[in-house]
Amino acid sequence: MFNWKEEYGVGIEIIDDQHRELFRIGNNAVKLLKDKMRLDKFDDIINILNELKNYTVYHFQCEEKIMMELGYKSFLSHKVEHINFINKINEIDIDNIDINQNASILEILDYVYKWIDEHILIRDKSINNSINN
Ligand SMILES: [Fe+2]
């Protein structure tokens with residue numbers, strides 16, 4: 001499960017609130033993976049993917065606007081990571097989802113876990129550092 005911890009906070013309230021939303025979407029994917037009663041998960045997987053796609057649009061726009069306002073130095077390299085994440089989500093093969101449903105959920109979960117570890121905990125935390133420096 002995705003459990004929110006203090007250490008995930010970047011110290012900018014609106015960004016932290018939106019990051020919690022990513023945890024919520026991630027937890028829905030975990031619940032879906034564990035749900036053995038549901039034989040056909042295709043529609044639910046598509047819903048999660050759509051939620052993730054919507055999330056990346058409004059969240060990255062919001063974060064990038066804040067970075068610009070703060071004069072954040074690593075704006076471009078940070079934005080490239082956002083674009084890479086959007087591309088990864090968009091590259092998930094819809095036809096393949098139906099054939100390997102649980103594997104597709106695991107693939108999505110893997111992206112989200114890595115994103116939290118490698119992006120939120122490192123890159124996003126550096127946004128707030130730019131306020132103090
Ligand atoms: Fe970010």
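Predicted model: local features only at pLDDT ≥ 70, side-chain atom pairs only at ≥ 80, totals over all residues.
Student: How many helices and strands does the protein have?
Tutor: The count is 5 helices and 0 strands. Along the sequence the pattern reads α-α-α-α-α. Helices (H or I, at least four residues) and strands (E, at least two) are DSSP runs, numbered from the N terminus.

Student: Which residues coordinate the iron ion?
Tutor: E63 (OE), H78 (NE2), H82 (NE2), H119 (NE2) and D124 (OD), at 1.9 to 2.3 Å. Donors are N, O and S atoms within 2.8 Å of the metal (3.2 Å for Na, K and Ca). Water is not among the atoms, so sites may look incomplete.

Student: How are the donor residues spaced in sequence?
Tutor: As E-x14-H-x3-H-x36-H-x4-D. H78 lies in helix α3 (residues 75–91) and H119 in helix α5 (residues 101–132), so the pair ties together parts 41 residues apart in sequence.

Student: Are H78 and H119 buried or exposed?
Tutor: H78 is buried, and H119 is buried too. Buried means under 20% relative accessible area, exposed over 50%, partly exposed in between (1.4 Å probe, protein chains only).

Student: Back to α3. What about E91, buried or exposed?
Tutor: E91 is in helix α3. E91 is exposed, with a relative accessible area of 63%. From E91 to I45 is 14 Å in space, C-alpha to C-alpha, and 46 residues in sequence.

Student: New topic: α1. What span should it have?
Tutor: Helix α1 (residues 13–34) has 22 residues, and at 1.5 Å a residue they should span 32 Å. The rule is 1.5 Å times one less than the number of residues. The end C-alpha atoms are 32 Å apart, which agrees. Buried residues of α1 include I15, L22, F23 and V30.

Student: And overall, what is the radius of gyration?
Tutor: It is 16 Å; a compact globule of 133 residues would have one near 14 Å, which agrees. The radius is taken over C-alpha atoms, and the globule rule is 2.2 Å times the number of residues to the power 0.38. The C-alpha box is roughly 50 × 30 × 20 Å along the principal axes.

Student: What share of the residues is buried?
Tutor: Buried residues make up 40% of the 133.

Methods. Residues numbered from 1 in each chain as written. Heavy atoms only, no water.
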